[in-house]
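Please look over the sequence and the structure below before reading on. The text then goes through strands, aromatic pairs, surface and salt bridges in turn.

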Amino acid sequence: KWRKSTMDKGFRSFATFPIEVRNKVVAVYNIYSKNPKFFGKKETELLLELTEDISFALEYIELEKERSVIEERYKNIVEKAPIGIFTQLNDVITYINPEGYKMLGAGSYKEIVGKNIIGIIHPDYVDIVFKRKELLEKGESTTELEEKFNKTDGSEINVMVSAIPYSQNGQKGAQVFFRDLTEQIKTRKEI
């Protein structure tokens, strides 16, 4: 039935190429010609390359959508985490989550982001932090360690800190996780 229909329209040759995404055919690219035996080796190779490019583009779009969903989930987890989380690149804080800036006494991330990490590290812990930073630069994570951070009002907060290596655009840094130990220390003193 389709043969008579295409012949009635003047088509004398055709080629069909699958369009695949992740090894699954999602569409078919059909092309017709009024010339018999139009699709030789050269034309077929070019059309096959075209459909491979279309397949690649569709797969890329699908992967980008998935990446976007994953990023949104991760951002949601970090933003709502009950611990402080910040990232630093070259010793400058590039991000801090709401729990983190609240623990440090800030009303907004804007009071923390862009500042050098030295501003939040208690002077007694600077040497320890920079030794741990060397591990991070080698690609190693740091274990939890009790430290003190400086709050925006100048007071101190006892925190448990750990970090993992983090890099962006070739700059090395860390993703730092910290939790407030105030209540734990208070309970220890009471016991």
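What follows is an explanation of this model, part by part.

The model is predicted: local features need pLDDT of at least 70, side-chain atom pairs count only at pLDDT 80 or more, and totals for chains, interfaces and linings use all residues. Residues are numbered from 1 along each chain as its sequence is written, and side-chain values use heavy atoms, with hydrogens and water left out.

Helices (H or I, at least four residues) and strands (E, at least two) are DSSP runs numbered from the N terminus, and two strands pair if DSSP finds at least two bridges between them. Strand 1 (residues 13-21) pairs with strand 2 (residues 24-33) in the antiparallel sense, over nine bridges. The two form a hairpin with two residues between them, and Val 21 stands opposite Lys 24 of strand 2. In the turn, Arg 22 has a positive phi of about 55°.

Thr 87 takes part on both sides: Tyr 95 stands opposite Thr 87 in strand 4, while Gln 175 is the bridge partner of Thr 87 in strand 7. Strand 7 is also joined to strand 6 (residues 156-168), by ten antiparallel bridges. One of the pairs has Met 160 with Arg 179 of strand 7 as its bridge partner. Strand 6 and strand 7 form a hairpin with two residues between them, and Asn 169 in the turn has a positive phi of about 50°.

The aromatic side chains come next. Rings of Phe, Tyr and Trp (its six-membered ring) pair if their centres lie within 6.5 Å; planes under 30 degrees apart count as stacked, over 60 as edge-to-face and the rest as tilted. By this rule there are six aromatic pairs. In one of them, Phe 38 and Phe 39 have ring centres 5.1 Å apart and planes at 90°, so the pair is edge-to-face. For accessibility, buried means under 20% relative accessible area, exposed over 50% and partly exposed in between (1.4 Å probe, protein chains only). Phe 38 is partly exposed because its relative accessibility is 36%, whereas Phe 39, at 17%, counts as buried. The rings of Phe 86 and Phe 149 have centres 6.5 Å apart and planes at 55°, so this pair is tilted. Phe 86 lies in strand 3 (residues 84-89) and Phe 149 in strand 5 (residues 142-150), so the pair ties together parts that are 63 residues apart in sequence. Both Phe 86 and Phe 149 are buried. Phe 11, Phe 14 and Tyr 32 form one aromatic cluster.

Which salt bridges connect separate parts of the chain? A salt bridge is a side-chain nitrogen of Lys or Arg within 4 Å of a carboxyl oxygen of Asp or Glu, and the whole structure has ten. Arg 22 forms one with Glu 62, with the closest N and O atoms 3.6 Å apart. This pair links distant parts of the chain, with Arg 22 in the loop between strand 1 and strand 2 and Glu 62 in helix 2, 40 residues apart. Arg 22 is partly exposed at 38% relative accessible area, and Glu 62 is partly exposed at 33%. Glu 144 forms a salt bridge with Arg 179, the closest N and O atoms being 3.5 Å apart. Glu 144 lies in strand 5 and Arg 179 in strand 7, so the pair ties together parts that are 35 residues apart in sequence.
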